[in-house]
Amino acid sequence: MDEEKQELVGKKQQLTVDEVLEGYVGSFGFSQLIQVLLVSLARIFDSQSTLVTIFTDAQPGSWRCVSPECGGAAVGGSVCGLKAGTWEWSGENSSSTIAEWGLVCDRRFLAALPTSVYFLGSLIGSAVFGRLADASFGRKKSVLISCLLTSITIFLTSLSPNIWIYSLLRFANGISRAGIGICCLVLSTEAVGRKWRGQVSQYGFFFFATGFLSIPLIAYPTRNCWRNLYKIISFLPLVYSIFVLIPFVSESPRWLLVRGRSEEALEVLRNYARINGKEIPPNITLLEPSSSNSGKKDKNTLSPIEKLWTTRWAVRRMALIMFTGFGIGFMYYGIQLNVENLSFNLYFTVAINATMEIPAVFVGSFLLGTTNRRRLFSTSAFLAGAFCLFCIVFSTEKNRGGGSLPQLMMEALGFMAAATAFNVLYTYCVELFPTNVRNFAVSMMRQALMLGASISPLLVVYGRLSPSLSFFVFGVSSVMSGLLSLWLPETRNAPLYETLEQQEEEEGLDLACVELGKNVQVSSS
């Protein structure tokens, strides 16, 4: 190896980003570890802004009469038909949007509105940030804008005077936070070699789980005022943006290269190598990917995203990944929001679910290094669906006065499997598409996830009347996603390509697309 490098001294040599990373920088050195960890910290705020409504929009546990006009109804009975001011909420979750704005009885489905429009906002934000991160702003600036807007919209949400303004601000918050998850994932995976891509993609989900676990810890001290919970979590993204993201995080060298800024891309790689105790020889330059090798002028005039929609194999992959994402998003977010229907202490059940997501990250990270992506995702989706269906069996036990422990165990295991499938799907999507449309592809997949998530709150509200039905629908959607994924190609150890044309040429793709169970070709480089 040393002799080969000596022969190349004094001779200009053009290499791909992968070749420079693996040959001179290191696939995953100390510099990339720091980069990945600093970028992944933003996922904490993504998690907090998404799942905060588990507490702020929680159904109050009980009520009590405060006036003789109440009629002496038993505590815990229905408040529908009682005169306003003759009763009040008591016990757990007595401070929430439902309690403050009376979202019960004929107004109960309004309780699902803020969370549903939040995920619809995330759907729109995914499209916006996906385009911006690929076309103009880049990965780092998109994360910065997303974090700042998230901080502002969360704080404004705490000042909401009614359910309509509250829902509007949750919608705006959904748009704002969408850039965090997409761009953090891509920015992390584009900084490392192919061997570590799967494991690195999981680190962000560990911080997402950390943010999830922090919510009950913040919510419990603020349980007497839901607005304070929003104010606390609004402060964190602002601090991160100013003191961590701007000074210490680098832009993706792959994005810089695709945008024609090869010198900047090489400088980022040189900085990585320097921190790793290595050096990139001065004769090394980056090979700029050609926009097309086909010689078809009509295609050359199209933007990368337009080319994606005119490339048959890419369209088929996109359709499959989006339909798969819809089912997993519906299941993953729905089962988290559905914890209130388990008849256990809400802080306890949320903590259990958050804790189960942490081993899901480590299990997924380990298995991504040893197992095919398609097999790992489909198996996780099938298991998540099966555990959800088992929840129906255990919910029939005669324990109306309290929660079913076996049901809680099945729900926790189902959520762990759903979290594994959810995390793996992001990694899978990153590897299915080239650099010049990767962020857009992830954003489209995330839009499908958010569309599924936007429907789940309605089922959660209905689940207060029929918990078994909600578990059944969540379980079936997860199984369907697992089945659809079987038509996607395997990508383990495949290189990250820079353009659609390069990927089509290297993988030997044609208009016939990819057959069921067919693996992509792995470049010898």
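This tour moves through a predicted model, with stops at a loop threonine, a helix pair, a helix arginine and a loop asparagine.

**First stop: Thr-371**

Begin by selecting Thr-371, which sits in the loop that links helix H17 (346-368) and helix H18 (373-395). Is this residue buried or exposed? Its relative accessible area is 17%, and Thr-371 counts as buried because that value is under the 20% limit.

Next, display the surroundings of Thr-371. Once its neighbours within four places in sequence are set aside, Thr-371 is in contact with Leu-376 and Arg-492. Select Arg-492 together with Thr-371: the two are separated by 121 residues in sequence, yet their C-alpha atoms lie 8.0 Å apart in space. Then turn to the adjacent residue, Thr-370, whose side chain makes a polar contact of 3.4 Å with the side chain of Thr-371.

**Second stop: helices H16 and H18**

Viewed as a crossing, the pair is left-handed.

Which residues meet where H16 and H18 come into contact? On the H16 side, select Thr-324, Ile-328, Met-331 and Ile-335. On the H18 side, select Phe-377, Ala-381, Ala-384, Gly-385 and Cys-388, which they meet. Colouring this selection by class will show seven nonpolar residues, two polar residues and no charged residues.

Now select Arg-227, which lies in helix H11 (residues 226-248). Arg-227 has a relative accessible area of 17% and is buried, since this falls under 20%. Which residues does Arg-227 touch, if those up to four places away in sequence are not counted? They are Glu-100, Trp-101, Ser-158, Leu-159 and Ser-160. Showing their side chains alongside Arg-227 displays this set of contacts.

Finally, select Asn-493, in the loop between helix H21 (467-484) and helix H22 (500-507). Inspect the backbone here: phi of Asn-493 is near 65°, a positive value in a residue other than glycine. Asn-493 has a relative accessible area of 41%.

Note on methods
Residues are numbered from 1 along each chain as its sequence is written. This is a predicted model: local features need pLDDT of at least 70, side-chain atom pairs count only at pLDDT 80 or more; totals for chains, interfaces and linings use all residues. Side-chain values use heavy atoms; hydrogens and water are left out. Helices (H or I, at least four residues) and strands (E, at least two) are DSSP runs, numbered from the N terminus. Buried means under 20% relative accessible area, exposed over 50%, partly exposed in between (1.4 Å probe, protein chains only). Contact means heavy atoms within 4.5 Å. A polar contact is a pair of N or O atoms within 3.5 Å; within protein, one must be able to donate a hydrogen and the other to accept it, and residues adjacent in sequence count only if both atoms are side-chain atoms. A crossing is left-handed if the near helix is turned anticlockwise from the far one by less than a right angle, and right-handed if clockwise. Ala, Val, Leu, Ile, Met, Phe, Trp, Tyr, Cys and Pro count as nonpolar, Asp, Glu, Lys and Arg as charged, and the others, Gly among them, as polar.
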